[in-house]
Amino acid sequence: MVMQVIDKLFERMSRRTAQKMSRRNFVATLGAALAGASMLPVLPVARKAQAAEDPGVEWAKRVGAQTTDPKACNYWRYCSSDGYLCSCCGGGPATCPPGSTPSPTSWVGSCLNPDDGKMYLIAYRDCCGKDSCAQCNCLGTAGEMPTYRPQLNNDIIWCFGGSSMVYHCSSAAIVGQV
Amino acid sequence: MTRSMASALLAIFFSGAAISASESLPSADAGTAHESVDPASVPDVLVRRNGTVLPRVSGAAEDYARHCQGCHGHLGDSVVEVPRLKGRVGLFTHSAEGRAYIVQVPNVLQAHLSDARLAALLNWMLREYSGAELPGAFMPYTEAEVALARTHRLGSVIDRRREVIDGLVRLGVVTSPELFTFATDPARY
Amino acid sequence: MERAFLSVAVAALLGTFAAASTAFADETKALPDDAKLMGEQHSIAILSKPHPKRVYVLEPVFPHIVASKVWIIEGDKQELVGTLSGGYLSNFALAPDNSQLYLFDTYWSKGTRGTRSDFITFFDGQTLDIKADVDLPKGRFLVVPKKQNADITPDGRYLLSYNLAPSTSVSVVDTTERKYKGDLEIPGCGLIFPTAGNRLSTVCSDGTLLTVKWDAALKTTTHRDGPFFDAENDPVFEHAAFDKKKGRVHWVTYDGNIISADLSKDKPVIGKPWSLLSAEDKAEGWRPGGWQLITMHQPTNRIFVLMHKGPKWTHKQPGDEVWVFDGNTGKRLDRIHLKEHATSLAISQDAEPYLFTQTEKPSLVTYNVADGKEVGEMAFGISPFLLFTAGD
């Protein structure tokens, strides 16, 4: 019973966030928001000089990255995430939805946390073993490289060692603070 | 109910049923003391709620995390398709060919790291994941050794790996090549 | 029995309506006497001969990722004339004479689980009948489809399928024997540019170019060039303008530099990079982007690139315009304003080329290259992604 209520609520929320958020629409919307609003938090100055050049910094500014809602495309960890957010599929950024399994492999990128101005390494690891979740499609491409540099590419199915190589959703676990 | 409250609630409900992808890099496992970060200092809804302790990574450890960890895992052991470093990679340093080989595997040779940083990374990796297998008089890699090894590319990684491992068997470093098995193909070492 | 009968009917129909792309017909004419009471019977359509303005659209169907498909479209008429159904993240290739179509495919025995099998399916280019399934025992690279992960040699002899498992190699399948021949190791490299019956070039993670030649026993000799681009700061996109028959390629980088190369010999000749962008274009923020973002009109060496305005790291953002360049001189010839922004493009290789663009709506919008005017728009599918035309 409780689960049913939760399911309903969950479904409604997912649908809202899942509206085809192609990067383009997303960027356009945010651009408009940025132009019109001064209430967006100002990013703290990046900690290191190196961090200032990091691709994740530009992304965080452009989309107005936030640290509270993992179901939204502009959640700070998703600066290089590509695909359906596990957060909208019954899991979370470091949690696979029920019945799917995380791959021990991933690619590793870095994103700026907008609230402390620090860079964190993020493992973009897929949850695997069932058909694609098809909720909350998000595309971040900060620092993303072609597949001939596999450790920096987000189109690869990072399901090696999963229960099968079938992609279910994209997660974004923090590896560490740099 | 605000949206973030709702998602927090949902996350709690779902966490029971879902499988966790490991988020933190438990410093104890890795055998060396990474500096750890107080969860309360990390402005992230989940890190704070779960009290996840994150390591602070820098230097060679950061280079490993960015360039190698995705495939080899933070413990130096990930999936059958990627050879295990943990408890094994140090054995390669018992022969000259082996020392060159671990610089020459494509993801090392072609890494976007200078010779000096790569030398530091390899030394860190060897001690971190395979300290026990290093020879007593292990000589750390130098920038010059890495630079020299990088001038030679492997035509076939599989063939070269076999030659190197057969050499280690002949030297008596290991008794059987089976120790080096990887990939789904059991015949492959 | 019924099947045999139908083929007779179809064969008869073909004779009558040879030019029709979809052969519907009054089948009673062909019926023998004893079948007169059968009423309306089904025939099976057969595609007309391939032509330059036919477009094959590969769709990975992202929301149901284990069921790829190929849409076959008459690009001059905005008409769907057939489909192929595939499995997980299929790749597609066309025989040089378009007589056969190939799907590089992956299935599990229980849909999303069970035993994995990888193989190439050979389809007849007109009946779309399946002619063979050839196993790929080493598997294949599973990734959102990109053209240069699966291709065919310019003579049509070998199908090449890239592997990143994550060791990197190329599986070789002989189209005449319909057999897997083995794998070529390409350590640390990706993308396949086949330029002869026994030769391919591949781009490596340090920006070098590896050219691999193989013999009948798949023994290889290699040649390495480069680095020919800065793989750390300005990488080349995976899609390139490529003419495998002439061995000519134009790579484009994230920052809008073109690197042209002649791959027609065992030792490639790589040109000096030149920029798509004038100082003014740069000031306005233009850059290339999208998925299959570049192509070329092979007979005239004209390059077509999807362009948008955006900062670095917007390399997958769809294009608002297609810029046209002379591949010999680097001169910009035209800017085609797209009515709908596009992620992928392809061009017909005939004398009066059409430009096909895949929009995010999704739809296929076709333009006449001569005047930049829209020829038509056609909506189909959920997430069509890659475009292939005859002869490209």
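**View 1. Asp151(C) finds its bridge partner, Leu160(C), in strand 9 of chain C.** Strands here, like helices, are DSSP runs numbered from the N terminus (E, at least two residues, for strands; H or I, at least four, for helices). Another pair in this view is Ile152(C), which stands opposite Leu159(C) of strand 9 of chain C. Strand 8 (residues 150-152) of chain C and strand 9 of chain C run antiparallel and pair over 3 bridges; strands count as paired if DSSP finds at least two bridges between them. In the hairpin of these two strands, with 5 residues between them, look for Gly156(C), which takes a positive phi near 80 degrees.

A note for all views: this is a predicted model, in which local features need pLDDT of at least 70 and side-chain atom pairs count only at pLDDT 80 or more, while totals for chains, interfaces and linings use all residues. Residues are numbered from 1 along each chain as its sequence is written, chains are lettered from A and ligands numbered from 1 in the order in which they are written, and side-chain values use heavy atoms, leaving out hydrogens and water.

**View 2. Strand 9 (residues 158-164) of chain C is largely enclosed by the rest of the structure, because 7 of its 7 residues are buried.** Buried means under 20% relative accessible area, exposed over 50%, and partly exposed in between (1.4 Å probe, protein chains only). In a regular strand the side chains alternate between the two faces of the sheet. Here Tyr158(C), Leu160(C), Tyr162(C) and Leu164(C) are buried on one side, and Leu159(C), Ser161(C) and Asn163(C) on the other.

**View 3. Strands 8-9-10-11 of chain C, in that order, form an open sheet of 4 strands with antiparallel pairing.** Strand 8 and strand 11 (179-185) of chain C stand at the edges with a single partner strand each, so one side of each has no neighbour in the sheet. On average, neighbouring strands are turned by 25 degrees against each other, direction ignored; the axes are lines fitted to C-alpha atoms, and angles run from 0 to 180 degrees between N-to-C directions. Strand 9 of chain C and strand 10 (residues 168-174) of chain C are joined by 7 bridges, and a hairpin connects them through 3 residues. Within this pair, Tyr162(C) stands opposite Val170(C).

**View 4. A salt bridge joins Arg117(B) and Asp63(B), with the closest N and O atoms 2.7 Å apart.** The pair links distant parts of chain B: Arg117(B) is in helix 8 (residues 115-130) and Asp63(B) in helix 4 (residues 59-67), 54 residues apart. A salt bridge is a side-chain nitrogen of Lys or Arg within 4 Å of a carboxyl oxygen of Asp or Glu. Arg117(B) is partly exposed at 44% relative accessibility, whereas Asp63(B) is buried at 6%. Helix 4 of chain B has 8 of its 9 residues buried, so it is largely enclosed by the rest of the structure; Tyr64(B) and His67(B) are among the buried ones.

**View 5. In chain C, Asp255(C) and Lys312(C) form a salt bridge at 3.3 Å between the closest N and O atoms.** Asp255(C) lies in the loop between strand 17 (248-252) and strand 18 (257-262), and Lys312(C) in the loop between strand 23 (302-309) and strand 24 (319-326), so the pair ties together parts 57 residues apart in sequence. Asp255(C) is partly exposed at 26%, and Lys312(C) is partly exposed at 23%.
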